[in-house]
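Subject: Structure handover

Hello,

Please find the structure below.

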Amino acid sequence: MPKSSLTVIIMTYNEKLHIERSIKSAQRVACEVVVIDSFSTDGTDEMARSLGAVIVQNPWINHATQLNWALKHVLIRTDWVMRLDADEYLDDELVLTLSKVLKAAATDLFGLEISRPTTFLGRRILHGGMMPMWLLRVWRKDVASCEQRWMDEHMVIPNGRIQRIAGNIVDDNLNHRSWWVDKHNRYASREAVDLLLMRHRGNSSVHSSQGLKGQASRKRWLKERVYARLPLGLRPWLYFFYRIVIRAGFLDGYRGLMFHTMQGLWYRLLVDAKVMEVEHTMQRDGIALHVAVQSVLDINLSAMSADRTAEIKVV
């Protein structure tokens, strides 16, 4: 199959378990794959280089900062750009669809939304509001940027038409559950930061859905205009009831119930607990938000604005 004028960007840190699957999947349709690595210690970068990817090393802050940095500093020679996580891959239908759509794209088409189903312990999660999940993952070069958020970031295209296409980006992480818990603990810290910025600074860049379209805009409005205004500690239980009962998450079976409980209840409770701990520390010690966030969550709020130079290695 002829390659499309597409560059796929994959951000990694110790993703040796997934990176070969991800790169080979992207290479079925893209003419170039760029791996933005954060100094992996497990050989991720060496494996990616051996597979023909361009390797760029840059320190990690969060997804939004890393992706925006890549779009600004990495030479992209194609007409289109795609973001792909290391534990994701393109299914056969998406490979065929992308090849056709990008070849015949009208000049007013600026972005493509793609469905991303989640797999948990080998089971596809189909209920609980998890499907369909549409994400803007492909866009014309130089027309999009990533929201500057610590968590739940989306690509934003100010103007131009966005189209949904057939096929899936499959989210299938092969790590053990202890890794999953550790990852979501880090995610909870970053999501707590976004909520704290909204609660204490009225940060418009955090609680605004400006620039988002479609499903992403609706979900952001519900999350930050409805969910965020519910009482801390109570709202995770209400959300869990919504996913399991109203959105029929129980139909996903026992493994699905485990996923909805861990991702829809435990994770949300952990976010609220971190928010409460930071606010308690601020009140107890009489310190500012940024100081409490650094102390409790080990996150430097000023790091997101940092701009650095990368070591770019072209293979």
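**Strand pairing**

Strand 6 (residues 109-115) pairs with strand 9 in the antiparallel sense, over five bridges. Two strands pair if DSSP finds at least two bridges between them. Helices (H or I, at least four residues) and strands (E, at least two) are DSSP runs, numbered from the N terminus.

This is a predicted model, in which local features need pLDDT of at least 70 and side-chain atom pairs count only at pLDDT 80 or more, while totals for chains, interfaces and linings use all residues. Residues are numbered from 1 along each chain as its sequence is written, and side-chain values use heavy atoms, with hydrogens and water left out.

Strand 6 also pairs with strand 12 (residues 161-172), in the parallel sense and again over five bridges. Glutamate 113 has a bridge partner in each neighbour: leucine 136 in strand 9 and arginine 164 in strand 12. Strand 9 in turn runs antiparallel to strand 4 (residues 80-83), and three bridges join them. There, valine 81 stands opposite tryptophan 139 of strand 9.

Seven of the seven residues of strand 9 (residues 134-140) are buried, so strand 9 is largely enclosed by the rest of the structure. Buried means under 20% relative accessible area, exposed means over 50%, and partly exposed lies in between (1.4 Å probe, protein chains only). For strand 6, six of the seven residues are buried, so strand 6 too is largely enclosed by the rest of the structure.

**Two helices**

Two packed helices are described by the angle between their axes and the distance between the axes. Helix 5 (residues 177-201) and helix 9 (residues 253-285) have axes that come within 8 Å and cross at roughly 50°. Axes are lines fitted to C-alpha atoms, for helices over the stretch in contact, and angles run from 0 to 180 degrees between N-to-C directions. Helix 5 and helix 9 are therefore oblique to each other; angles under 35 degrees count as roughly parallel, over 145 as roughly antiparallel, 65 to 115 as roughly perpendicular and the rest as oblique. By class, the contact of helix 5 with helix 9 has 15 nonpolar, five polar and five charged residues (Ala, Val, Leu, Ile, Met, Phe, Trp, Tyr, Cys and Pro count as nonpolar, Asp, Glu, Lys and Arg as charged, and the others, Gly among them, as polar).

**Salt bridges**

How many salt bridges does the structure hold? There are 22, a salt bridge being a side-chain nitrogen of Lys or Arg within 4 Å of a carboxyl oxygen of Asp or Glu.

One of them joins arginine 268 to glutamate 191, with the closest N and O atoms 2.5 Å apart. This pair links distant parts of the chain, 77 residues apart, with arginine 268 in helix 9 and glutamate 191 in helix 5. Arginine 268 counts as buried because its relative accessibility is 13%, and glutamate 191 is buried at 5%.

Arginine 186 is partly exposed, at 38% relative accessible area, and aspartate 182 counts as partly exposed at 38%.

Glutamate 147 and arginine 220 form another, with closest N and O atoms 2.7 Å apart. Both residues are buried.

Finally, a network of salt bridges links Arg83, Asp85, Glu88, Arg116, Arg137 and Glu153.

Regards
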